[in-house]
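Dear colleague,

I would be grateful if you read the two side by side.

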Amino acid sequence: MKLYNTMSKTKEEFVPLEEGKVKMYVCGPTVYNYIHIGNARPMIVFDTVRRYFEYKGYDVNFVSNFTDVDDKIIKKANEEGVSADEISKRYIEECKKDMEGMNVKPATKNPLATEEIGGMIAMIQTLIEKGFAYEKNGTVYYRTRQFKEYGKLSHKNLDDLRSGNRSLLVSGADEKEDPLDFVLWKPKKEGEPAWKSPWSEGRPGWHIECSEMSKKYLGEQIDIHAGGEDLVFPHHENEIAQSEAANGKGFSKYWLHNAFLNIDNKKMSKSLGNFFTVREISEKYDLQILRFFMLSAHYRSPLNFSAELMEAAKNGLERIVTAAQNLKFLMGTTKTTQMSETEKETFAKTQEFVDTFERAMDDDFNTADAISAVFELVKYANTTASGESSEEYLQKLYELLVKLTDVLGIIVEKKEELLDADIEELIAQRQAARKERNFARADEIRAELLEKGIVLEDTREGVKWKRA
Ligand code: AMP
Ligand code: ZN
């Protein structure tokens with residue numbers, strides 16, 4: 001199994017630190033709003049990576065943090081007049097709902113930055129003792145010059161970077177020894193959440209979070225560290241500098257980075273305002289379609305979001321789901337139970353699709369080619385399964401289809417779930433029925449919705465609904 005390591009810029013054979021186990025850390029989102037579908041790309045991609053390792057029999061310890069203390073969270077809290085904690089808790093819950101909708105498996109552990117401050121302080125202290133960090137007026141900085149391998153992940157020319165940032169030093173506006181030094185701890189400003197530390201009452205820098213949480217939940221050395229490609233520099237470069245200096249060991253064996261999800265060939269981002277939230281998309285499409293769309297491209301290729309591609313993903317997914325449903329239907333009607341000798345031979349040929357699927361996934365998780373293999377299997381199932389097939393043959397085909405699509409996190413069992421837009425439409429119809437005093441019809445709609453797990457509540461402000 002080969003994976004592309006950003007560190008070596010080559011595809012390397014995967015050799016775990018410990019046999020049969022994978023220790024994997026994925027940098028999670030900063031929670032100050034609903035996540036957008038750009039944020040969803042690393043979630044879907046690295047969940048698929050995890051699923052493939054599990055398919056191969058590895059025991060995966062998957063840790064992904066939530067950054068729940070940050071300038072943007074504080075800003076949002078001030079705008080709403082609530083605490084930063086309320087904002088982060090709210091959006092962690094919303095994010096988890098979106099992840100469930102995208103069939104992203106829950107992590108082994110989702111550490112929160114605010115719950116790990118003690119460990120971060122201890123790590124900063126170690127860095128100071130070892131000469132890798134220094135304090136100035138309550139702020140602690142990392143001394144990048146001290147870490148000889150600084151820049152090894154991002155392959156940047158540090159002298160160019162330094163000269164680009166020199167103005168900061170010359171102006172005296174900065175108290176750093178080197179323009180590339182970065183903050184490990186900063187004193188609080190008025191109204192900000194803060195924790196006591198030996199240097200000042202304040203809060204940790206962003207990078208130290210991941211170094212500490214990765215160490216605490218996975219150990220000093222891990223197999224895979226992953227995130228979007230914008231995290232290579234400075235975030236991951238800084239994590240390496242912190243972890244390796246503090247622990248005296250290599251940090252992560254493999255560094256995986258997904259390319260951006262773009263819109264009109266520009267990175268989708270909150271700051272550019274060119275984003276769709278996962279929640280918005282869920283009002284129009286089943287999130288399985290979003291997942292299928294994301295996996296239709298290789299994770300290291302930029303992917304442009306468009307309505308056409310979503311429609312193509314919808315049709316593709318529909319083909320797979322229909323094939324699965326057809327197999328189920330035939331299973332319910334067939335008269336023969338056991339596979340015939342000919343069927344055994346016919347089934348043996350499906351191994352070819354499994355091999356192609358695994359070859360694709362073994363080649364740095366080429367999900368696009370893996371999906372093609374699934375389509376080949378679908379075609380084969382459609383042409384070889386019929387009313388004459390035995391139940392065993394149909395069952396085996398079905399199970400194989402489920403096994404492969406499950407690696408991609410795609411559920412082939414059709415959900416009878418209503419989209420938000422359908423629900424709103426039914427509620428509008430119910431209101432119209434009530435207006436016409438057709439209460440029987442209104443009740444019928446309420447019952448119909450309830451059957452599908454939608455609970456209505458009539459309030460002064462109108463009808464509210466929720467999924468039960
Ligand atoms: P953030 O909340 O901005 O720290 O982002 C959380 C994760 O989403 C990080 O791994 C980012 O690299 C990733 N990310 C943000 N925007 C995009 C995008 N447009 N395409 C792909 N990944 C993204
Ligand atoms: Zn991180």
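Does Asp-458 count as buried, partly exposed or exposed, and what is its relative accessibility? Asp-458 counts as partly exposed, at 35% relative accessibility; buried means under 20% relative accessible area, exposed over 50%, and partly exposed in between, with a 1.4 Å probe and protein chains only.

This is a predicted model, in which local features need pLDDT of at least 70, side-chain atom pairs count only at pLDDT 80 or more, and totals for chains, interfaces and linings use all residues. Residues are numbered from 1 along each chain as its sequence is written, chains are lettered from A and ligands numbered from 1 in the order in which they are written, and side-chain values use heavy atoms, leaving out hydrogens and water.

The structure holds 38 salt bridges (a side-chain nitrogen of Lys or Arg within 4 Å of a carboxyl oxygen of Asp or Glu). One of them joins Arg-434 to Asp-458, with the closest N and O atoms 3.2 Å apart. Arg-434 lies in helix α15 and Asp-458 in strand β14, 24 residues apart (helices, H or I, of at least four residues and strands, E, of at least two are DSSP runs numbered from the N terminus). Arg-434 is partly exposed, at 30%.

Arg-300 and Asp-364 also form a salt bridge, at 2.8 Å from N to O. Asp-364 is buried, with a relative accessible area of 0%, whereas Arg-300 is partly exposed at 30%.

Finally, salt bridges with shared partners join Asp-47, Arg-51, Arg-291 and Asp-406 into one network.

With kind regards
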